[in-house]
Amino acid sequence: MDKEVNNNNSVINAHTGDLYLEGDNTGFVLLSKLSFLINLPRANSLWYLLFSPACCGIELMQAGGTRTDLDRFGMVFRSTPRQADVMIVGGTVTYKMAERVKLLYQQMSEPKYVISMGSCANCGGLFDRSYSVLKGVDLIIPVDIYIPGCPPRPEALLDGLMLLQKKIKSEDWGRIVSRHKARIDEL
Amino acid sequence: MNISEVHTEVKKFFPEKISDVIASGPLSFFYFEPEIIKELFLVLRDKIGMEFKHLSYIAAVDNKECFELVYCLYSYRWGNVIHLKTRLSRENPIIKSISDLFVAAEWHEREAYDLMGIIFEEHPDLRRIMMPDDFEGHPLRKDFKEKDNYHGIPTSREKILGKF
């Protein structure tokens, strides 16, 4: 831990710039922003929905394997949308599936995030002229992170998840609550 | 038993209703009239010496003047495939189902109905197999026009890089 000990025997942790520890030998006082304290565990326990419409799901499984181990980021899959924080739309979404994707998204509890993984989910990709494929999942649900690739490698997915962590850490808790209320009003 | 041997055998049963063999290498085929389909396939399946017991696939082709159905049969006894074709009119594409002779035909016919709009009479369960049940039109027809939206979801996307 990076410490700076000043003359008053108080310790300041400058590691993150957000967290300050002050105190003497008998104990510490912890000073921080509420958003930081809330966002830190949120960003490090991203549970993703066990759901993937097409072949990017194979790379998603691979990303959960030993080489790019998602578990070390606190990411585990949940089989129900009500327990999931992030939905990774990995693959081609057909119109038939699109309504199910939207239903799954609506069942997730706030705050919720969506990662669009692969060309098909980004913009239709290879199936741009198809009669049955949705041209981008952002036409039905809001997307936070887009990962290009066909399919993206596990490293790319990991990069996207780390970007999402960065986004979550930069969020203001009050704004999340108000966004939540706005979404409920929309329904 | 290759296609020309099959042709001479079948010609004895349906002399008027079958065209000559059209040579195209291993994919040689002959046309048959749609009304004899059940009798023809019964002969191909059950006559001693033919025994084409396995239906590999049914394909539907839209060649603008008419629809073509391609039936591919396989014989375990002889170890070869034969292809048979039939023509249906665009206005009234109706043919008898062979799903009582070949169980595999059931889903292939549903697929041909779903994507090409060919109606198979006496099919036990003729409904869409891949597209949503309320989808309008048959998407593999050449004159298919895609709708602007499906259940309020737009079916096209603005190209940020312009047209290609």
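**Notebook: sheet of chain B and the A–B interface**

I began with one residue pair: B:Ile58 has B:Tyr71 as its bridge partner in β3(B). I note that this is a predicted model.

I then followed the two strands. β2(B) and β3 (residues 66–75) of chain B run antiparallel and are joined by eight bridges. I looked up the sheet next: four strands of chain B form an open sheet in the order β1-β4-β3-β2, with mixed pairing. Its edge strands are β1 (29–31) and β2 (54–62) of chain B, each pairing on one side only. I noted an average twist of 20° from one strand to the next.

I checked what lies across these strands. Helix α3 (residues 105–116) of chain B lies across β2 and β3 of chain B, at about 10° to β2(B).

I turned to the interface. I found 17 residues of chain A in contact with 19 residues of chain B. The two chains bury about 1400 Å² between them, with 59% of that on carbon and sulfur atoms. On the side of chain A, A:Tyr95, A:Lys96 and A:Tyr131 lose the most area to chain B, together 48% of what that side buries.

I looked for polar links. Chain A and chain B have one salt bridge between them; it joins the side chains of B:Arg157 and A:Asp138 at 2.9 Å, N to O. I also recorded five residue pairs in polar contact across the interface.

Last, I sorted the side of chain A that touches chain B. α3 (95–107) and α4 (118–123) of chain A each supply at least two of its residues, and α3(A) gives the largest share, four residues. By class, I listed seven nonpolar, four polar and six charged residues on that side.

Notes
Residues numbered from 1 in each chain as written. Chains lettered and ligands numbered in written order. Predicted model: local features only at pLDDT ≥ 70, side-chain atom pairs only at ≥ 80, totals over all residues. Heavy atoms only, no water. Contact = heavy atoms within 4.5 Å. Buried area = accessible area lost by both parts, 1.4 Å probe. Salt bridge = Lys/Arg side-chain N within 4 Å of Asp/Glu carboxyl O. Polar contact = N/O pair within 3.5 Å; in protein donor to acceptor, adjacent residues only side chain to side chain. Nonpolar A, V, L, I, M, F, W, Y, C, P; charged D, E, K, R; others polar. Pairing = 2+ DSSP bridges. Axes fitted to C-alpha atoms, helices over the stretch in contact; angles between N-to-C directions.
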